[in-house]
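Subject: Structure handover

Hello,

Please find the structure below. My notes on what was found follow it.

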Amino acid sequence: MHFSPLKHCRACGTAVVYRLPDDGDTKERAVCPACHTVHYQNPLNVVGTVPVWGDDGAHVLLCKRNIEPRHGKWTLPAGFMEMGETTAEGAARETDEEAGAQYEIQGLFSVMNVVRVGQVHLYYRARLLSTTFNPGHETQEARLFTEAEIPWDELAFRTVRETLKRYFDDRRKGAFGIHVLDIA
Ligand code: ZN
């Protein structure tokens, strides 16, 4: 899945052309030949959490997706950041919506550039305060997994796999870092 270039003007619906705007910009933009609107497309932030249970953090909460894409696959709670919220607030909101979990947000854990789709994914660690989950409509099931139980072949996204792998590696070392990665 590549990010989709804009085809029609957001102001008037005319088919756009890709060219350098007249203002000295050095990148081609979607320019409307009718109303001359210049459209700038920029990467989107996806924010989420690694919710863990127990003093030893041995259990991680995963959600089984009830929506496309990757319906039926397992994921960490995450989604697109909304206007008016911080990255941590967005990660918390997604954890509420997708898992209905009670938790406390901890440190930033992973930052992943997914250049191919024009996204940046950020995950925070979160400490679960209970094991009662009340997932919303986007989730079929929310449950805890140990490292050995993680359905590695049934994970929805590569960023989820990379984040989980690093979480369990750091847990073994007894120290959590911030992981910055480029997902090719
Ligand atoms: Zn237009």
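C32 is buried, at 0% relative accessibility, where buried means under 20% relative accessible area, exposed over 50% and partly exposed in between (1.4 Å probe, protein chains only). C9 is buried too, with a relative accessible area of 5%.

This is a predicted model, in which local features need pLDDT of at least 70, side-chain atom pairs count only at pLDDT 80 or more, and totals for chains, interfaces and linings use all residues. Residues are numbered from 1 along each chain as its sequence is written, and side-chain values use heavy atoms, with hydrogens and water left out.

Zinc site

The zinc ion has C9 (SG), C12 (SG), C32 (SG) and C35 (SG) as its protein donors, at 2.3 to 2.4 Å. Donors are N, O and S atoms within 2.8 Å of the metal (3.2 Å for Na, K and Ca); water is not among the atoms, so sites may look incomplete. The spacing of the donor residues in sequence is C-x2-C-x19-C-x2-C. C9, in the segment before β1 (17-19), and C32, in the loop between β2 (29-31) and β3 (38-39), are 23 residues apart and link distant parts of the chain. Helices (H or I, at least four residues) and strands (E, at least two) are DSSP runs, numbered from the N terminus.

Helix α2

Helix α2 covers residues 158-173, which is 16 residues. Its buried residues are T159, V160, E162, T163, L164, Y167, F168 and D170. Just after α2, G174 has a positive phi of about 80°.

Regards

Note on methods:
The expected span of a helix is 1.5 Å times one less than its number of residues.
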